[in-house]
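Reader: I have a new structure open. Please walk me through it, and keep it short.

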Amino acid sequence: MNAGNSLLAGALLLLISAPSGAQEVPAPTRDSLLSVVQVFFSAMEARDTARLHGAVRIDGHTLAVVARGDTVNTQVRPLKEFLANLPATPQRWRERIWEPQVLMHGNLAVVWAPYDFYLDSSFSHCGVDTFTLSRGMDGWKIVDVGFTIERQGCPPSPLGPRKD
């Protein structure tokens with residue numbers, strides 16, 4: 001099983017087993033998990049790879065799922081590749097999530113949320129983000145980031161239009 005399949009299978013297994021295996025996430029822990037995700041977004045927007053290193057496990061992965069008509073393209077890349085390429089991006093990446101669902105079992109957690117994505121101030125696409133996090137001696141870290149990229153049929157964000 002390759003890394004992308006492992007990531008997807010792990011996230012789906014956690015979601016499917018949620019009623020019996022996941023614990024209700026106490027507010028302070030939920031806030032801590034969402035804070036790590038927000039650090040990821042704000043560091044990504046600022047192209048601050050040092051700050052991103054503090055939020056992720058460098059040996060993690062990104063998983064992008066892009067549907068175009070009847071074709072689905074799945075791209076799995078090492079997070080270290082994402083970090084290496086981020087400073088050279090010509091446009092500022094701005095992403096917002098809402099209504100996150102947070103599941104946790106012991107030292108494993110998943111954050112799942114719809115999102116919208118902007119290049120500078122222009123809307124680009126929407127989709128669903130998944131963040132798989134693990135808790136170690138240095139706290140919660142993002143291990144894998146999965147997302148869909150949907151360019152059509154995006155519902156209006158409940159956050160309203162982006163204000164820059």
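**Working through the model**

Reader: Cys-126: buried or exposed?
Author: Cys-126 is buried, because its relative accessibility is 6%. Buried means under 20% relative accessible area, exposed means over 50%, and partly exposed lies in between (1.4 Å probe, protein chains only).

Reader: OK. What should I know about the source?
Author: This is a predicted model, so local features need pLDDT of at least 70, side-chain atom pairs count only at pLDDT 80 or more, and totals for chains, interfaces and linings use all residues. Residues are numbered from 1 along each chain as its sequence is written, and side-chain values use heavy atoms, with hydrogens and water left out.

Reader: Back to Cys-126. What is it joined to?
Author: A disulfide joins Cys-126 to Cys-154, with 2.2 Å from S to S. The term covers a pair of cysteine sulfur atoms within 2.5 Å. The structure holds one disulfide.

Reader: Where in the chain are the two ends?
Author: In distant parts, 28 residues apart. Cys-126 is in strand 6 (residues 122-136), and Cys-154 is in the segment after strand 7 (139-149). Helices (H or I, at least four residues) and strands (E, at least two) are DSSP runs, numbered from the N terminus.

Reader: Is the link left-handed or right-handed?
Author: Left-handed, with -90° about the S-S bond.

Reader: And Cys-154: buried or partly exposed?
Author: Partly exposed, because its relative accessibility is 24%.

Reader: Zoom out. How many helices and strands are there?
Author: Five helices and seven strands. From the N terminus on, they run α-α-α-α-β-β-α-β-β-β-β-β.

Reader: How much of the protein is buried?
Author: Buried residues make up 38% of its 164 residues.

Reader: New topic. How much space is in the largest pocket?
Author: About 660 Å³. Rolling a probe the size of a water molecule over the atoms shows where empty space is left. On a 1 Å grid over the protein atoms alone, a pocket is an open set of points where a 1.4 Å probe fits, with protein on both sides within 12 Å along at least five of seven lines. Lining residues have an atom within 4 Å of a point. The volume is the space filled by probe spheres set on the points, which are joined across faces, edges and corners.

Reader: How do the lining residues divide by type?
Author: 16 are nonpolar, seven polar and six charged. Nonpolar covers Ala, Val, Leu, Ile, Met, Phe, Trp, Tyr, Cys and Pro; charged covers Asp, Glu, Lys and Arg; the others, Gly among them, count as polar.

Reader: Now Lys-141. Where is it, and is it buried or exposed?
Author: Lys-141 is in strand 7. Lys-141 counts as buried because its relative accessible area is 13%.

Reader: What does its side chain reach?
Author: The side chain of Lys-141 reaches the backbone oxygen of Gly-54 at 2.7 Å.

Reader: Last one. What is in contact with Arg-30?
Author: Leaving aside neighbours within four places in sequence, Val-25, Pro-100 and Val-102. Contact means heavy atoms within 4.5 Å. The side chain of Arg-30 reaches the backbone oxygen of Pro-100 at 3.3 Å. Arg-30 and Val-102 are 72 residues apart along the chain, and their C-alpha atoms are separated by 6.9 Å.

Technical notes. A polar contact is a pair of N or O atoms within 3.5 Å; within protein, one must be able to donate a hydrogen and the other to accept it, and residues adjacent in sequence count only if both atoms are side-chain atoms.
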